[in-house]
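Here are my notes on the model, as numbered points. Please read them with the coordinates open.

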Amino acid sequence: MTPVDDSARIAAFEARIAAGETIEPKDWMPERYRKQLVRMMSQHAHSEVVGMLPEGNWITRAPSLRRKISLLAKVQDEAGHGLYIYCGTETLGVDRDDLIGQLLAGTAKYSSIFNYPTLTWADMGAIGWLVDGAAIVNQTALAKASYGPYARAMIRICKEENFHKRQGYEIMATLAAGTSAQKEMAQDALNRWWWPSLMMFGPSDKDSPNSAELLRWKVKQKGNDELRQRFINLTVPQATAIGLTLPDPALRQNAESGDWITGPIDWAEFMQVISGNGPMNRERLAARNKAHDEGAWVRDAAEAYAAKHAARRVA
Ligand code: BYC
């Protein structure tokens with residue numbers, strides 16, 4: 001049961017949210033609000049960091065210097081996004097080491113999308129276009145989230161994601177207008193990434209245990225289905241514009257609403273992926289653990305340097 005003196009604080013907290021105020025780190029907040037934010041923000045930060053792996057895999061194989069430079073910049077941006085969001089999560093009183101420990105131990109979630117392999121160069125186009133495109137739709141809504149540090153991180157991240165999306169779409173447009181082998185490669189990448197990118201928005205609202213609470217506290221501004229629909233409506237004409245076909249024979253437009261309606265999403269596949277059994281879950285965790293272990297000397301050196309300077313200050 002809520003202690004008597006907390007009910008007044010909860011009412012005041014909810015009134016602030018209803019008035020559109022942001023909640024800041026030193027403000028009082030219900031423990032459940034703090035927990036929900038730590039869960040969602042840490043998963044988001046992990047997604048940015050694990051999300052570097054599928055594209056990082058292609059940096060040395062980019063087809064030209066120009067492509068290599070923009071892919072490298074994109075992957076570095078994703079590292080930066082992870083760092084902003086980990087910082088935001090720390091304002092809620094958690095330790096970044098603990099969060100990273102959970103990721104490395106396989107007990108934390110990160111976005112399902114990063115558990116699929118990147119088989120060809122066209123996958124760099126599909127990821128930028130679809131994955132960053134989906135992230136923009138999701139994160140533009142989160143930029144109005146009630147928790148100030150999370151919302152502010154999203155504003156900068158969305159600006160960078162726009163560049164990522166354009167570089168991906170431009171890769172796809174170039175391949176789609178190229179030789180028949182290049183066009184086939186682009187189509188194949190779209191076929192493999194389309195459905196997983198729709199799953200990024202999470203389960204349908206009726207199966208989303210966290211949505212109601214997050215919507216009430218205005219962490220989420222829109223439900224999973226509404227954001228997914230917005231992404232579909234934006235993306236279908238973009239595919240048509242470059243002569244590619246979405247891998248969905250049931251896709252049709254609702255004449256009244258204008259919405260593009262897809263065939264059924266394979267939620268059994270989604271559940272497999274988020275339970276650790278996707279095509280690349282094991283490889284992703286192994287790669288993160290290897291990088292963490294190989295970076296131990298950097299952390300040791302930074303600590304030794306900080307200790308040396310602390311000792312000098314005391315002296
Ligand atoms: N993947 O109640 P629900 C990027 C989990 S990176 C895995 O609807 P919620 C980029 C969910 O966590 C940007 N798990 O949850 C980087 C929950 O499990 P728990 C990635 C998922 O929180 C590099 C359960 O399913 N974006 O753009 O209300 C290169 C029930 O779901 C997923 C973000 O991280 C999923 N797709 O809503 C390129 C966005 N979906 O925690 C690009 C931030 C659901 O109860 N997060 N689950 O065990 C969000 O907006 C929300 O957390 C979600 C889920 C919409 C994802």
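1. Start with a buried pair. Lys74 and Glu78 are both buried, where buried means under 20% relative accessible area, exposed over 50% and partly exposed in between (1.4 Å probe, protein chains only). Accessible areas come from the Shrake-Rupley method, and for residues only the protein chains shown count as cover. The side chains of Lys74 and Glu78 form a salt bridge, with N to O at 2.8 Å. A salt bridge here is a side-chain nitrogen of Lys or Arg within 4 Å of a carboxyl oxygen of Asp or Glu. About one helical turn separates the two, because they sit 4 residues apart in helix α4. Helices are DSSP runs (H or I, at least four residues), numbered from the N terminus.

2. Ground rules. This is a predicted model: local features need pLDDT of at least 70, side-chain atom pairs count only at pLDDT 80 or more, and totals for chains, interfaces and linings use all residues. Residues are numbered from 1 along each chain as its sequence is written, and side-chain values use heavy atoms, with hydrogens and water left out.

3. The network. Which residues join Lys74 and Glu78 in a network of salt bridges? Glu55 and Asp132 do. The salt-bridge count for the model comes to 20.

4. A link from α4 to α7. Arg66 and Glu170 meet through their side chains in a salt bridge (3.3 Å, N to O). Arg66 belongs to helix α4 and Glu170 to helix α7, so the pair ties together parts 104 residues apart in sequence. Arg66 counts as exposed, at 55% relative accessibility. Glu170 counts as partly exposed, at 32%.

5. The side chain of Arg67 makes a polar contact of 3.0 Å with the side chain of Glu170. A polar contact is a pair of N or O atoms within 3.5 Å; within protein, one must be able to donate a hydrogen and the other to accept it, and residues adjacent in sequence count only if both atoms are side-chain atoms.

6. Arg16 and Asp27. Their side chains form a salt bridge at 3.1 Å, N to O. Arg16 is in helix α1 (residues 4-18), while Asp27 is in the loop between α1 and α2, 11 residues apart. Arg16 is partly exposed at 26% relative accessibility. Asp27 is partly exposed at 23%.

7. A buried charge to check. Arg284 lies in helix α12 (residues 281-294). Is Arg284 buried or exposed? Arg284 is buried, yet has no salt bridge. The nearest side chain of opposite charge is Glu283, 7.0 Å away. For charge, Lys and Arg count as positive and Asp and Glu as negative; His and the chain ends are not counted. A polar atom of the Arg284 side chain does lie 2.6 Å from the backbone oxygen of Phe114.

8. The ligand shell. How many residues surround the ligand? The shell holds 37, and the closest are Arg39, Gln43, Lys109, Ser208 and Lys220. Being in the shell takes one heavy atom within 4 Å. By class, 15 are nonpolar, 13 polar and 9 charged. Ala, Val, Leu, Ile, Met, Phe, Trp, Tyr, Cys and Pro count as nonpolar, Asp, Glu, Lys and Arg as charged, and the others, Gly among them, as polar. Helices that each supply at least two shell residues include α2 (31-50), α4 (65-90), α6 (122-142) and α7 (148-176).

9. An N or O atom in the Lys220 side chain is 2.7 Å from a ligand oxygen. For the Arg39 side chain, the distance from an N or O atom to a ligand oxygen is 2.8 Å. At Met200, a backbone N or O atom lies 3.3 Å from a ligand nitrogen. Alone, the ligand exposes 1000 Å², and the protein buries 90% of that.

10. Leu71 is in helix α4 and counts as buried, at 0% relative accessibility. Lys308 lies in helix α13 (residues 296-314) and counts as partly exposed, at 41% relative accessibility. Lys308 and Ala126 are 48 Å apart, C-alpha to C-alpha, and 182 residues apart in sequence.

How values were computed
Accessible areas come from the Shrake-Rupley method with a 1.4 Å probe; for residues, only the protein chains shown count as cover.
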